[in-house]
Amino acid sequence: QVQLVDSGGGLVQAGDSLRLSCAASGRTVSSSSMGWFRQAPGKEREFVAAVSWNGISTRYADSVKGRFTISRDNAKNTVRLQMNSLKPEDTAVYYCAATRPGAAMFDYWGRGTQVTVSS
């Protein structure tokens, strides 16, 4: 089993930056893909960003490309999401997620951290 604890959310103004962190415990996630998803009020959860097990491959939702950067540190069992040039439409609960080793689907989820961007 993997437990994920996501943190770093807060209330910021448009144009500001935030860095979200996710700490994994229970077992190493060094062989798992890691990702971030978000859910805004009244909307479905959506993909934000993902990083491969070795950190080499990343992918992003079109809405955050060029503004958000995902990274991981396998030695520390952590993944981060650097969010720059935040917009009010980025307001959501952000969830960290992990796959099983070698799998494609995200099976493990954090509890979420609230990000609120005021205009």
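Buried means under 20% relative accessible area, exposed means over 50%, and partly exposed lies in between, with a 1.4 Å probe and protein chains only. This is a predicted model, in which local features need pLDDT of at least 70 and side-chain atom pairs count only at pLDDT 80 or more, while totals for chains, interfaces and linings use all residues. Residues are numbered from 1 along each chain as its sequence is written, and side-chain values use heavy atoms, with hydrogens and water left out.

**Whole chain**

Start with the protein chain as a cartoon. It shows eleven strands and zero helices; helices (H or I, at least four residues) and strands (E, at least two) are DSSP runs, numbered from the N terminus. Read from the N terminus on, the order of elements is β-β-β-β-β-β-β-β-β-β-β.

Switch to the C-alpha trace, which spans about 40 × 25 × 25 Å along its principal axes. The radius of gyration of the protein chain is 13 Å, which agrees with the value near 14 Å that a compact globule of 119 residues would have. That radius is taken over C-alpha atoms, and the globule rule is 2.2 Å times the number of residues to the power 0.38.

Next, colour by accessibility: 41% of the 119 residues count as buried. The accessible surface is about 6300 Å², and carbon and sulfur atoms hold 48% of that surface; the areas come from the Shrake-Rupley method with a 1.4 Å probe, and for residues only the protein chains shown count as cover. Of the contacts (heavy atoms within 4.5 Å) between residues at least 6 apart in sequence, 54% join residues at least 24 apart.

**Charges and salt bridges**

Select the charged side chains. There are 14 positive and 9 negative ones, and the centres of the two sets lie 6 Å apart. Lys and Arg count as positive and Asp and Glu as negative, while His and the chain ends are not counted; the place of a charge is NZ of Lys, CZ of Arg, CG of Asp or CD of Glu.

How many salt bridges does a search of the whole structure find? The search finds five, a salt bridge being a side-chain nitrogen of Lys or Arg within 4 Å of a carboxyl oxygen of Asp or Glu. Three of them can be visited here.

Select Asp90 and Arg67. Their side chains meet in a salt bridge at 2.7 Å, N to O. This pair links distant parts of the chain, 23 residues apart: Asp90 is in the loop between β8 (78-83) and β9 (92-99), and Arg67 is in the loop between β6 (58-60) and β7. Asp90 is buried because its relative accessible area is 0%, and Arg67 is buried at 10%.

Arg38 counts as buried at 6% relative accessibility, whereas Glu46, at 36%, is partly exposed. Keep the four residues on screen: Arg38, Glu46, Arg67 and Asp90 are linked in a network of salt bridges.

Then move to Arg100 and Asp107, which form a salt bridge of 2.9 Å, N to O. Arg100 is partly exposed at 43%, and Asp107 is partly exposed at 35%.

**The loop between β8 and β9**

Return to the loop that holds Asp90 and select Leu86, also found between β8 and β9. Is Leu86 buried or exposed? Its relative accessibility is 2%, so Leu86 counts as buried. Leaving out residues up to four places away in sequence, Leu86 touches Val12, Ala14, Gly15, Asp16, Ser17, Leu18, Arg67, Phe68 and Val117.

Most residues other than glycine have a negative phi.

**Asn77 and strand β7**

Select Asn77, in the loop between β7 and β8. Asn77 is not a glycine, yet has a positive phi of about 60 degrees. At 13% relative accessibility, Asn77 counts as buried.

End at Ser71, in strand β7 (residues 68-73). Ser71 counts as partly exposed because its relative accessibility is 35%. Its contacts, not counting residues up to four places away in sequence, are with Val79 and Arg80. Val93 is 22 residues from Ser71 in sequence and 19 Å away in space, C-alpha to C-alpha.
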